[in-house]
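Biologist: Could you walk me through this model, step by step?
Modeller: Gladly! Let's have a look together.

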Amino acid sequence: MTVNRRDFIRILGAGAALGLSGLPYIASANDLLPKRNRRIVVIGGGFGGTIAAKYARMADPSIEVVLIDRDRSHFACPFSNLHFIGKRDIGENEFGYSKMASTWGVKTLFGEVTAIDGATKKVVTEDGFVTYDRLILSPGIDFRFDEIEGYDAKATPLLMPHAWKAGEQTRLLKKQLDAMSNGGTVIIAIPLSPYRCPPGPYERACMIASYLKQFKPRSKLLVLDSNEQIASKPRLFSAAWDEHYKGIIEYRAAHKVTKVDTKAMSVDTGVEEIKGNVINVIPAQKAGLIAGGAGVLGEDKKWCPVNPITYESTKVPGIHVIGDAASVAPMPKSANAANSQGKMCAYNVVQLLNGKEPMDPTTVNVCYSYITPDQAVTISAVYKIGADGKLTDNKTTKTTANIDPYITRLEAKYGVGWMTAILDEMTS
Amino acid sequence: MLIAKSRRVVIFSVAMVAALPAWAVLPATPEMLTLTCYACHGTRGASAGPLQPSIGGQNPKYMFDTLKRYQSGERPSTVMGRIMTGYSDPEIKVISEHLSKQPFVAATHQRDVNPTKAEKGKAIHDQYCKKCHQDNGRDYSEGAGILGGQWMGFLKLVFEEYKAGKRPMPKEMLERIDKVSDEDCDNLAHFYASQKH
């Protein structure tokens, strides 16, 4: 350790006090963790960043790793849809970072990152700054609220929850469903691809429909999809809706919500205004805000183009981007993809810091989607770098064959195993 | 100021990326190639359960054969077989060997082990299983994976699949498992889950 433990806590304490008092930081005055060694800074303690921090330490414990997040704990999004049917409480999805420090020697800093300067290799937080040799950015998503007329970034989610960042928003949507009377209308508005978790909105439709079928059978679920068709596992979701939720789910493809009215509790598709009792508008998405500040957004101004071998930004050298924020098609924006990318990125960042060439990465994705409380379908793939230097799935992308009860029940059991394991990997 | 600085860098880095295929990309180390397994099977193959087996410390030949059976579909699965189609034989060999060098870590939260059932399970084990699954199922061989110390959920599921004919097994085992009742399979699961390493 380059900083003794007591000093580190003192620095953290001072920083936190400064933050609480609301004083503006003086960037140059407060080096939060003077760098005396080779250092990787990781921003974002979700599925990508936490794993990148842990495995960078596994790859080379002589390199210092600092993990920065605004919060001391994080709510995982996978399985959050099971909260709506009471199958899994969202509280079970919360995880912290204590083992990152005690088991792996990752230094953790908590505070809002306000700026990143790729030229001087400096990360500025509300409390001061830290410097890095290489930065791994795993900022997740933010929303393109401005694309929906009448949408207020602060007020609207409290009335029409997106529940697309898990935690309080998940609880709010569940409360609204519980408060709704039998015979009400629920609306889910799905954004254009790409967005976080391609099958997520359709799984949510299944879980909410299952809740309605069980507790409020006279109610309806209207799914307004901006996309031309179901964006993930279309055959399986269509089959599940026919089999289990006929008369409850009404699905309309190519119906993009362009306007919301929280007073009238209505959404507008440009063709018609539709009222709902519970309205779940999932806005279109982009890389987490800090990516814009770091200058790593691509020409689309939404996502971050990267080299698929090292995940180094094609915009700013020394900054690597992983997880939902990165453009690494054909990989989806999923938790398992972020986990896999975090590992490959960490190992290659360590290679580069050791003056070596990067290594050939292999990444895996698995997404579990529940179609009933005890049945699930999956999509999985293995990704490699093709001869042309681009990422390819070599036609390994495959789904559960059909919604046969034996296999989907088995998938649902293994899904719980997957969730247990992937959370454990970040907290052990 | 920040943006102006990075814009100059853009040209440089795009040129760099365009030249990338000319870079020597080294083959992944066995450790790097194996990392993706850990998302489901635990760090270094020590499973956090409840349904995935610990794969660290298994016999490399047994592991290679098992992964190949998943790949071909000979052993039916949900995602395992699909994922294995993404790996070549040399890669599967490297992964199997790397995993065999990791410690086998017994499941840590076996609070649901019933000692009476485990004892009954031991009698069944001694009568039918121990010839191949030696040292109370803790030993490994080219033909059998480590059972002792696996998660109860995993063991129960495997026995269910054997009994339902959903999981192929050697003829020798088929003849024996036919003689073991469902209840005794459950007892066996308790026995193996109770094993410490």
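**A walk along the backbone**

Modeller: In this predicted model, A:Lys121 is partly exposed, with a relative accessibility of 29%.

Biologist: Why does A:Lys121 count as partly exposed?
Modeller: Buried would need a value under 20%, and exposed one over 50%. A:Lys121 falls in between, so it counts as partly exposed, and its relative accessibility is 29%.

Biologist: Where in chain A does A:Lys121 lie?
Modeller: Its phi is positive, near 55 degrees, although the residue is not glycine. As for its place, A:Lys121 is in the loop between strand 6 (113–117) and strand 7 (122–125).

Biologist: What is the phi of A:Met265?
Modeller: Find the loop of chain A between strand 14 (259–261) and strand 15 (266–268), where A:Met265 sits. This residue is not glycine, yet its phi is positive, near 45 degrees.

Biologist: Is the peptide bond from A:Ala329 to A:Pro330 cis or trans?
Modeller: A:Pro330 is in the loop between strand 21 (326–327) and helix 9 (335–353) of chain A. Omega for the bond from A:Ala329 is near 10 degrees, and the bond is cis.

Biologist: Which residue does a cis peptide bond join to B:Pro50?
Modeller: Look in chain B, at the loop between helix 3 (38–41) and helix 4 (60–72), where B:Pro50 lies. Omega of the cis bond is about 0 degrees, and the partner is B:Gly49.

Biologist: Over which residues of chain A does pLDDT stay under 50?
Modeller: The chain A average is 93, and 93% of its residues score at least 70. Where pLDDT is low, the predicted coordinates should not be read in detail. In chain A, the stretch under 50 is residues 1–27.

Terms used: Residues numbered from 1 in each chain as written. Chains lettered and ligands numbered in written order. Predicted model: local features only at pLDDT ≥ 70, side-chain atom pairs only at ≥ 80, totals over all residues. Heavy atoms only, no water. Helix = DSSP H or I, 4+ residues; strand = E, 2+ residues; numbered from the N terminus. Buried < 20%, exposed > 50% of the residue type's maximum accessible area, 1.4 Å probe, protein only. pLDDT = per-residue confidence, 0-100. Contact = heavy atoms within 4.5 Å.
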